[in-house]
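Visitor: I'd like to walk through this model with you, question by question. Could you put it on the screen?

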Amino acid sequence: MPVSNKTTRVAVLADSDTRWKWGALTARRLVGATGAQAAPHAAAADVHVDGYLLRGRATPTPRQLEEVGVRADSLREVTAIEFLSEMRGRAAEYDVLVLALVGGGVQAVLHGLARDWAGARQRPVVVTGYVGVVYEKLADGLLLRHGADVVLANSRQDADRFRAVYEGVGADADSVTEAALPFLGGEPYAPRDPYTVVFAAQPSVPEKRAERTYLLDRLARHARLHPEREVLLKLRSKPGEHTTHIEELPYQKLVKGMDAPPNFRLVYGHMGEVLDRTDLLVTVSSTAALESLHRRIPTAVLTDFGVREAHGNHHFIGSGCLASWDQLDTGHVPEPDPAWVARQGVAADGTYDTAFDEARKRVAELVGRAAEGGLPPLQPYYTQATAPGYLPGILARHHLGPDGAPLPGAPAADREPGPVRQAVRSAARGAYRHGVQRVAPVIRRMGEL
């Protein structure tokens, strides 16, 4: 059931292509149709979604948005200051606000909204969460998200961990709500012809040139050992584009000049469509492994670089999916552990249709309270009293002062940018991205000499 008998209005603020995908699909899962009738990729008559893309190094390009394939009723790019200005006078217009941002962005927006909505009789229910596997900075990321009405956990295991962190610091843990990743789906696995091996690349794991070159060599070697197979390297972005993480050494550049066999190639596209033709999904620690496991596709999490927190594959300890290229070359097919899979919110047992029931019920209850003016003010755990040496820096990155008010000299938010200002912004963003991807890596390498 929708959360009300009228059109439910939702705003989604996202800072990258993957977070836009998570935020928009989460919105539709939470307030759209339930169970098998849910169609999160399509527009629903009873849900109106306004999308806002936070301007920065990872702001998705039109190509990335097209590849994600998630539509909104409106979509535009904003700064944090502009978004807060937009929300300042519209506290009663939206039923739900989804913050699909990195932790610091969530914290800044929460403080800005808390200030702007102080005393408002009605405001939207604020929801946030994680786009995938939470394998690093658990406490840091969680406490930066504290203050939202609902903090979604993608699995039972995550819900338990999230509550333990909040309760351990004396923060209210009632906001933690178990759900699942909103983009799981697709047909259950059936063998294909030709047999297709897909390596799901990640922007920053592994990071070093030698490790990335090693992966390319192993993919090519696997293709040569198995000429009857298709071996695909699934890429997230094209050179110059950014996703959630910075990619300093794109595989597209490293593969140039490589003597690749004819059955090895690079592919883009929607992950679900690539999985439609996958017989073996290989990755270091990508969330794509959970999408694959959900569909019961054989899935391998590589151990070639060790099982390490830095690479995130330690999250898959106990999964039964850990394997090396040597094992895969000889025909090994990992067998996932059912108990582990069940705790990860993968719902390969067919329970995915009900995975959002608890969160949907929670949001509906809060929307009802909001309509009656019964929601309390937003109260993040981090304040000037609890984290005076940390919070101001987090807020300042988004041009906000310690009280959540725009800092003097912050970009103007009371008018639409003119053509000249838009052109300058576009050029500045392009220069910034060039610096992040081209110049900064060179400087770091020079510093290592």
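Visitor: How much space lies in the second largest pocket?
Guide: Quick ground rules: this is a predicted model, where local features need pLDDT of at least 70, side-chain atom pairs count only at pLDDT 80 or more, and totals for chains, interfaces and linings use all residues. Residues are numbered from 1 along each chain as its sequence is written, and side-chain values use heavy atoms, with hydrogens and water left out. A pocket here is an open set of points on a 1 Å grid over the protein atoms alone, with protein on both sides within 12 Å along at least five of seven lines. Volume is the space filled by probe spheres set on the points, which are joined across faces, edges and corners, and for the second largest pocket that comes to about 510 Å³.

Visitor: Which helix gives the most to the lining of that second largest pocket?
Guide: Lining residues have an atom within 4 Å of a point, and 25 residues qualify, with Val341, Ala342, Ala347, Ala348 and Asp349 the closest to the centre. Helices are DSSP runs of H or I with at least four residues, strands are E runs of at least two, and both are numbered from the N terminus. With three residues in the lining, the top contributor is helix 12 (residues 338–343).

Visitor: What is the volume of the largest cavity?
Guide: A cavity is a set of grid points where a 1.4 Å probe fits but cannot get out. The structure holds three of 30 Å³ or more. The largest cavity is lined by residues including Gly132, Asp158, His315 and Gln344, and its volume is about 60 Å³.

Visitor: What is the strand order in the open sheet of six strands?
Guide: Two strands pair if DSSP finds at least two bridges between them. Strand 8 (residues 196–200) and strand 11 (residues 280–283) run parallel and are joined by four bridges, with Val198 opposite Leu281. The pairing in this sheet is parallel, and the order is 10-9-8-11-12-13.

Visitor: What angle does helix 7 make with strand 9?
Guide: Helix 7 (residues 209–225) packs on the sheet, touching strands 8, 9, 10 and 12; contact means heavy atoms within 4.5 Å. Axes are lines fitted to C-alpha atoms, for helices over the stretch in contact, and angles run from 0 to 180 degrees between N-to-C directions. Between helix 7 and strand 9 (230–234), that gives about 160°.

Visitor: Is Thr299 buried or exposed?
Guide: Thr299 sits in strand 12 and touches Leu280, Leu281, Cys321 and Pro334, among others beyond four places in sequence. The scale, from a 1.4 Å probe on protein chains only, calls residues buried under 20% relative accessible area, exposed over 50% and partly exposed in between. Thr299 has 2% relative accessibility, so it counts as buried.

Visitor: Is His111 buried or exposed?
Guide: His111 belongs to helix 4 (residues 103–116). Its contacts beyond four places in sequence are Pro380, Tyr382, Leu391, Leu395 and Gly404. The relative accessibility is 10%, so His111 counts as buried.

Visitor: How far apart are the C-alpha atoms of Pro411 and Ala80?
Guide: Pro411 lies in the loop between helix 14 (391–396) and helix 15 (419–447), and is partly exposed at 30% relative accessible area. Pro411 and Ala80 are 331 residues apart along the chain, yet their C-alpha separation is 9.7 Å.
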